[in-house]
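Visitor: I'd like to learn how to read an aromatic pair. Could you walk me through one?

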Amino acid sequence: TLFIVYAYDNGGQLGRLGVTVSRRVATKAVERNRIKRAIKESFRHQQTILVGLDVVTVARGATQGIETNQLFVSLGEHWRRVNQQCRSASS
């Protein structure tokens with residue numbers, strides 16, 4: 001997996017995002033920032049399904065050198081899974 005995603009109920013407020021990309025994942029700041037931008041952009045596109053959730057995304061070492069489109073695909077799967085699991089747990 002490229003990311004670890006944690007989600008918490010925030011009481012129905014607009015979804016919020018926390019991002020962690022360590023130096024172990026990408027030694028160069030340019031690469032870390034590219035990964036962070038991809039996470040933020042993907043979250044922005046999926047924010048409507050993540051309303052009421054605080055999400056923390058931790059990048060794994062495999063993300064370095066991966067194309068941005070592949071990052072979006074992986075994150076999209078994470079957003080859907082987080083949404084399903086959190087909605088079913090609160091029911």
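**Reading an aromatic pair**

Guide: Start with W79, which is buried at 0% relative accessibility; buried means under 20% relative accessible area, exposed over 50%, and partly exposed in between (1.4 Å probe, protein chains only). Keep in mind that this is a predicted model, where local features need pLDDT of at least 70, side-chain atom pairs count only at pLDDT 80 or more, and totals for chains, interfaces and linings use all residues. Residues are numbered from 1 along each chain as its sequence is written, and side-chain values use heavy atoms, leaving out hydrogens and water.

Visitor: How many aromatic pairs does the structure hold?

Guide: A pair of aromatic rings is described by the distance of the centres and the angle of the planes. Rings of Phe, Tyr and Trp (its six-membered ring) pair if their centres lie within 6.5 Å; planes under 30 degrees apart are stacked, over 60 edge-to-face, the rest tilted. Here there is 1 aromatic pair: F43 and W79, edge-to-face, at 5.7 Å centre to centre with 75° between the planes. F43 sits in helix α1 and W79 in helix α2 (residues 68–90), so the pair ties together parts 36 residues apart in sequence. F43 is buried too, at 5% relative accessible area.

Visitor: Which residues is I49 in contact with, beyond its neighbours within four places in sequence?

Guide: Contact means heavy atoms within 4.5 Å. For I49, that gives W79, N83 and R87. I49 is partly exposed, at 28% relative accessible area, whereas N83 is buried at 17%.

Definitions and conventions
Helices (H or I, at least four residues) and strands (E, at least two) are DSSP runs, numbered from the N terminus.
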